[in-house]
Amino acid sequence: MAFDGIVIANLVKDLKIKLEGGKINKIAQPEKDELLFTIKNNRENLRLLISVNASLPLIYFTEKNKPSPLTAPNFCMLLRKHIGTGRIVEITQPGLERIIEFHIEHLDDLGDLCRKRLIVELMGKHSNIIFCKEDGTILDSIKHISAQVSSVREVLPGRAYFIPQTTEKADPLSVTAPEFSRLMKETPAPVHKALYLKLTGISPVMGQELCHLASLEEDHSANELSEAELTHLHRTLSLMMEDVTDGNFSPNIVYRSGEPVEFSALPLTCFEGGGYEARPYDTISLLLENYYAEKNTITRIKQKSADLRRIVQTALERNYKKYDLQMKQLKDTEKRDKYKVYGELLNTYGYELAGKEKELKCLNYYTGEEIRIPLDPQLTARENSQKFFDKYNKLKRTYEALTELTLETKKEVEHLESISTALDIALKEDDLVQIKEELTEYGYIKRHYTSGKKAKITSRPFHYLSSDGFHMYVGKNNYQNEELTFKLATGNDWWFHAKGIPGSHVIVKAEGRELPDRTFEEAGALAAYYSKGRGSDKVEIDYIQKKHVKKAAGGAPGFVIYHTNYSLIAEPKITVEELP
């Protein structure tokens with residue numbers, strides 16, 4: 001997560017535009033480490049959420065209201081007393097620190113105009129909201145930090161506020177080339193690490209980005225850089241800081257396999273390619289709200305699906321071992337024909353044996369070559385022949401049984417892998433209901449209720465609209481794949497699926513029209529994205545008209561057979577509009 005000084009600078013820019021000159025209408029404290037302000041400015045009511053939770057500090061505009069406790073906490077009451085009807089006159093950021101200062105004008109008890117400072121520190125576990133007089137004297141804070149807790153700085157009423165300087169860090173907005181070189185030369189750490197260790201407000205990901213922009217190996221030791229490399233790196237940093245100073249921000253979230261990986265207020269070119277996709281946002285506030293909402297959703301779904309994943313993974317591992325053992329046993333049956341030949345040759349040439357021989361040398365009339373047949377000297381030629389025929393028949397029966405068993409085990413593995421892929425696709429708790437029902441139906445989960453009724457299904461397939469106006473549907477699991485292909489789709493509709501790997505069925509409703517090339521490409525990209533190959537750069541896609549797709553006899557839901565299909569290579573990504 002790149003919640004660094006650059007993101008703060010972008011936030012301050014947005015806050016200044018929307019809030020400076022605004023009047024505070026309401027202050028609430030929904031959580032012990034969270035404030036919610038309602039501010040009226042330019043005839044618009046805005047809600048600003050400030051959280052200094054140790055694991056998730058953030059600040060952003062939101063349209064959602066949050067319930068507050070019946071009795072407001074002391075810190076909230078103090079803010080209401082002093083700045084409950086105050087006006088925000090200025091919002092600043094000291095240097096590139098992860099700090100936002102709100103300068104607020106209000107009337108004191110005597111009716112005189114005065115100012116207060118509300119300082120928001122977004123520094124991970126050290127995050128805090130501190131309320132001060134204009135001269136920096138602390139009135140109170142949402143978290144009290146005593147000398148027993150921190151030897152660096154006390155945050156208590158009556159103390160003077162200051163920004164702690166625990167390490168020697170330079171301000172990247174003003175650092176000179178000689179000072180930058182000195183800081184890098186005294187740091188044996190890798191370059192990308194040295195950048196965020198020695199410069200204020202630079203995060204690890206921005207350290208990587210600076211190395212990428214300067215064409216430097218990020219793992220190269222900073223103290224081994226040449227003067228030319230240091231000059232070039234400082235110039236790259238200066239150009240980045242010019243964008244920050246000028247407010248040239250480009251908020252974006254980087255995704256991989258549909259999951260948000262990183263966010264930034266500036267472009268992250270170090271993530272280009274490799275299955276990564278950057279999605280731009282109009283404001284950093286909207287970005288933060290969406291990023292954490294998506295992160296929380298994915299985390300919650302992973303937690304909810306953990307039991308199902310464990311069941312599927314356990315069954316998969318068991319079937320992988322079973323399949324390997326069956327294939328090994330099947331390979332052992334390959335020598336069955338050899339024993340049949342031994343038996344036949346003994347019946348032909350056995351009259352030459354006098355008895356007690358350990359082998360028979362004779363001509364193999366199948367190949368025209370001489371062959372040596374091992375014998376049991378205690379048995380006659382006829383008895384040795386019968387022994388070989390018995391071995392042949394036993395291995396033949398084993399081969400026939402194993403051939404069927406390996407096919408069954410392979411089908412079960414493919415079925416479980418398709419369920420595992422469906423779990424990866426699931427975005428909502430409703431999507432898990434159908435997957436659980438499938439696991440229950442096939443005996444991986446026992447039904448715990450006696451009525452025998454199935455759980456209510458509310459999950460529906462994804463629905464997209466192509467650039468050329470064709471409706472496209474994507475199954476989230478095997479049941480939905482089955483329904484799309486054999487109930488929704490008609491004969492001339494087009495069917496898409498990733499070749500040879502588990503994935504969703506994608507149906508494009510043709511409605512009697514001929515599909516343009518762009519629609520084929522967009523549907524192929526969806527089939528690649530909603531498959532096991534999502535993390536690959538390219539995925540091969542099979543596509544064919546639905547009338548040529550048949551249900552696999554005795555197969556699990558969603559398993560089909562088809563012939564004479566077309567193929568295309570697609571990049572796993574969503575390039576079309578999703579419909580509700």
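Predicted model: local features only at pLDDT ≥ 70, side-chain atom pairs only at ≥ 80, totals over all residues.
Visitor: Stepping back, what does the C-alpha trace span along its principal axes?
Guide: The spans of the protein chain are about 125 × 60 × 50 Å. Its radius of gyration is 35 Å, whereas a compact globule of 580 residues would have a value near 25 Å.

Visitor: How many helices and strands are there, then?
Guide: The protein chain holds 13 helices and 23 strands. As for burial, 47% of its 580 residues count as buried.

Visitor: Changing topic, how many salt bridges does the count come to?
Guide: The count is 23 salt bridges. One of them joins the side chains of Arg117 and Glu101, with 3.3 Å from N to O. Arg117 belongs to strand E7 (residues 113–121) and Glu101 to strand E6 (residues 99–107), so this pair ties together parts of the chain that are 16 residues apart in sequence.

Visitor: Are Arg117 and Glu101 buried or exposed?
Guide: Arg117 has a relative accessible area of 14%, so it counts as buried, and Glu101 is buried as well, with a relative accessible area of 8%.

Visitor: Which residue forms a salt bridge with Glu121?
Guide: That partner is Arg153, and the closest N and O atoms of the two residues are 2.8 Å apart. Arg153 lies in the loop between strand E9 (138–141) and helix H3 (177–185), while Glu121 lies in strand E7, so the pair ties together parts that are 32 residues apart in sequence. Glu121 counts as buried because its relative accessibility is 0%, and Arg153, with a relative accessible area of 10%, is buried too.

Visitor: Where does Glu121 stand relative to Glu101?
Guide: From C-alpha to C-alpha they are 8.7 Å apart in space, although 20 residues separate Glu121 and Glu101 in sequence.

Visitor: What about Asp468, which side chain does it meet in a salt bridge?
Guide: Asp468 meets the side chain of Arg518, at 2.7 Å from N to O. This pair links distant parts of the chain, 50 residues apart, with Asp468 in the loop between strand E15 (462–465) and strand E16 (471–474), and Arg518 in helix H13 (residues 517–529). Asp468 is partly exposed, with a relative accessible area of 28%, and Arg518 is likewise partly exposed, at 44% relative accessibility.

Visitor: Which residues do salt bridges that share partners join into one network?
Guide: Such shared partners bring Arg87, Glu105 and Arg115 into one network.

Visitor: Backbone next: what is the phi of Ser215?
Guide: Its phi is near 60°, which is a positive value in a residue other than glycine. Ser215 is in the loop between helix H5 (204–213) and helix H6 (227–246), and it counts as exposed because its relative accessibility is 66%.

Visitor: And Glu511, what is its phi, and where is it found?
Guide: Glu511 is not a glycine, yet it has a positive phi of about 55°. Its place is the loop between strand E18 (506–508) and H13, and at 54% relative accessibility Glu511 counts as exposed.

Definitions and conventions. Residues numbered from 1 in each chain as written. Heavy atoms only, no water. Salt bridge = Lys/Arg side-chain N within 4 Å of Asp/Glu carboxyl O. Helix = DSSP H or I, 4+ residues; strand = E, 2+ residues; numbered from the N terminus. Buried < 20%, exposed > 50% of the residue type's maximum accessible area, 1.4 Å probe, protein only. Rg over C-alpha atoms; globule rule 2.2 N^0.38 Å.
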